[in-house]
Amino acid sequence: MLGAVALAAQQPAAPAAAPAAGPGLDLINERCGFCHTTNQVFTAHKTAAEWPALVQSMIDRGAELSPEEQKVMSDYLVANLATDKKAGATGH
Ligand code: HEC
């Protein structure tokens, strides 16, 4: 009984990499967590060329983003999460 209560009280684990704050991040948290967790976004390994296409494909699947929001999010993802743009990455 007590064990179950302790388990239920546990906080979900933090994402592997802490995403940078910004309007793009707010949009991701608002619009990209319906069909899968936003962790799916933050742990995806996409290049600067792949992110805008990925965002478009999620819109095709049903993600709700205006053209302006799509641009904000794509710019954010390219700037912060593109595998070929991350500064200081080791092991490449
Ligand atoms: C309508 C449902 C839906 C919404 C909303 C949605 N997704 Fe997805 N997403 C999916 C599905 C389904 C998959 C798995 C498809 C696959 O693996 O091909 C997926 C997979 C992904 C992947 C992994 C793809 C890969 O190639 O590794 C990423 C990254 C992703 N989504 C990002 C986003 C982002 C960013 C948003 C917000 C704009 C978003 N998703 C909103 C349905 C959705």
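## Helix α4

Helix α4 runs over residues 50–61. Its twelve residues should span 16 Å at 1.5 Å a residue, and its end C-alpha atoms are 16 Å apart, which agrees. The expected span is 1.5 Å times one less than the number of residues. Helices here are DSSP runs of H or I with at least four residues, strands are runs of E with at least two, and both are numbered from the N terminus. Just after α4, G62 takes a positive phi of about 135°.

This is a predicted model, in which local features need pLDDT of at least 70, side-chain atom pairs count only at pLDDT 80 or more, and totals for chains, interfaces and linings use all residues. Residues are numbered from 1 along each chain as its sequence is written.

## Confidence and overall fold

Confidence is given as pLDDT, the predictor's own score for each residue, from 0 to 100. The protein has a mean pLDDT of 84, and 74% of its residues reach 70 or more. Confidence is highest in α4, at a mean of 98. It is lowest in helix α1 (residues 2–9), at a mean of 54.

The protein has five helices and zero strands. From the N terminus on, the order is α-α-α-α-α. Of its 92 residues, 12% count as buried. A residue is buried if 20 or more other C-beta atoms lie within 10 Å of its own, exposed if 12 or fewer, and partly exposed in between, with C-beta atoms placed from the backbone. Two residues are in contact if their C-beta atoms, placed from the backbone, lie within 7 Å. Among contacts between residues at least 6 apart in sequence, 68% join residues at least 24 apart.

## The nonpolar core

The largest nonpolar core holds ten residues: I28, C32, V41, W51, V55, M73, Y76, L77, V78 and L81. Such a core is a set of buried Ala, Val, Leu, Ile, Met, Phe, Trp, Tyr and Cys residues joined through C-beta atoms within 7 Å. Helices α4 and α5 (67–81) each supply at least two residues of this core. The most come from α5, which gives five.

Helix α5 has 15 residues, which should span 21 Å at 1.5 Å a residue; its end C-alpha atoms are 20 Å apart, which agrees. Its buried residues are M73, Y76, L77, V78 and L81. They pack against α2, α3 and α4. An α-helix has 3.6 residues a turn, so residues three or four places apart point the same way.

## W51 and L81

W51 is found in helix α4. It counts as buried, with 24 C-beta neighbours inside 10 Å. Leaving aside neighbours within four places in sequence, W51 is in contact with K46, S74, L77, V78, L81 and A82.

L81 is seen from the α5 side. Not counting residues up to four places away in sequence, L81 touches F42, K46 and W51.

H45 is in the loop between α3 and α4. It is exposed, with 9 other C-beta atoms within 10 Å. H45 and T83 are 38 residues apart in sequence, and their C-alpha atoms are 6.0 Å apart in space. A49 has its place in the loop between α3 and α4. With 10 C-beta neighbours inside 10 Å, A49 counts as exposed. A49 and D84 are 35 residues apart in sequence and 9.3 Å apart, C-alpha to C-alpha.

I59 lies in helix α4. It is partly exposed, with 17 other C-beta atoms within 10 Å. I59 touches L65 and Q70, not counting residues up to four places away in sequence. From I59 to Q70 the C-alpha distance is 8.7 Å, across eleven residues of sequence.

## The ligand shell

The ligand is surrounded by 16 residues, and the closest are C32, C35, A44, M58 and G62. The largest share, four residues, comes from α4.

By type, the shell divides into eleven nonpolar, three polar and two charged residues. Here Ala, Val, Leu, Ile, Met, Phe, Trp, Tyr, Cys and Pro count as nonpolar, Asp, Glu, Lys and Arg as charged, and the others, Gly among them, as polar.

Notes
Near = placed C-beta within 6 Å.
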